[in-house]
Amino acid sequence: MEKSTFHVAIIMDGNGRWATARGLPRVAGHRAGADAVRRTVEAACKLEIGTLTLYAFSSDNWGRPAAETGALMQLFEAYLSSEAARCLENGVRLEVTGRRDRLSPALLAAIAIAEATTAHCEGMRLRIAVDYSGRDEILRAARLALADFSPERFLSPESILSGESLSGSLGPDVDLLIRTGGEHRLSDFLLWQSAYAELVFTPVMWPDFTARDLEAALAEFRSRDRRFGGIQSYSGGSPPGLVFHRL
Ligand code: IPE
Ligand code: IPE
Ligand code: MG
């Protein structure tokens, strides 16, 4: 069976408001959000999505009270510890993207175990963005490329830093970007990779997100005409030769 290259990215927003509306502490919303992640990963596997990138914690989220950021970090650790085995069973390759230098040793260990356990999996690629900033990621990729520069073997700036080389290190372009929680913004998520992503915004708060909502977003995607700056339309997919989509 041909492997799907279809990339769905989700800004999982609305946990806090979901909890507040129920008279619960915000952290209860994050806990319910973790259950929605489990459901969504399962649904995405069934829908043959190639890559699913989930925005779990932005670098700007460090500006929240320490009690909330601490609880979120503990939830990530618990999620990784409990889900690594399930990912393995389902052939899901789990990766964490974002800055690592501000994460606790316990969380780093859980990430290392989850990534190593599922490294050989050939099914869906699940990327969880923690301490992630799109701008910071672009800067770091550019700095890494420039580190290759040496005056002895003269290389032109273009040869060490091109659109292609940056795209290669930043990972796959996004086909469908979903944001829950009713806000219409990117909040520093996958800025480079979403250049031609189809955007779907839903008022559903993340803890209430179900397989049906994911299917509805995919149906919306299929109804769109993607033109990539040209005049030909690639309904529900990308131009052949650029990226091939099975959906
Ligand atoms: C998304 O939900 C989870 C994180 C950003 C960590 P929020 O916590 O932003 O929930 P709202 O937007 O305040 O409702
Ligand atoms: C974006 O949500 C980050 C995540 C969902 C992890 P925020 O709630 O932090 O975004 P803003 O502050 O509303 O832009
Ligand atoms: Mg929010």
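Me: Which residue in β5 is the bridge partner of I10?

Reply: This is a predicted model, where local features need pLDDT of at least 70, side-chain atom pairs count only at pLDDT 80 or more, and totals for chains, interfaces and linings use all residues. Residues are numbered from 1 along each chain as its sequence is written, chains are lettered from A and ligands numbered from 1 in the order in which they are written, and side-chain values use heavy atoms, leaving out hydrogens and water. Strand β1 (residues 7–11) runs parallel to β5 (residues 176–179), joined by 4 bridges; strands are DSSP runs (E, at least two residues), numbered from the N terminus, as are helices (H or I, at least four). The partner of I10 in β5 is I178.

Me: Which strands are the edge strands?

Reply: Strands pair if DSSP finds at least two bridges between them. The open sheet of 6 strands, with parallel pairing, has the order β3-β4-β2-β1-β5-β6. Pairing on one side only marks β3 (93–97) and β6 (198–201).

Me: By class, how many nonpolar, polar and charged residues are in the lining of the largest pocket?

Reply: The lining has 34 residues, with M12, Y55, A56, F57 and N61 nearest the centre of the pocket. Ala, Val, Leu, Ile, Met, Phe, Trp, Tyr, Cys and Pro count as nonpolar, Asp, Glu, Lys and Arg as charged, and the others, Gly among them, as polar. A pocket is an open set of points on a 1 Å grid over the protein atoms alone where a 1.4 Å probe fits, with protein on both sides within 12 Å along at least five of seven lines; lining residues have an atom within 4 Å of a point. The lining has 19 nonpolar, 8 polar and 7 charged residues.
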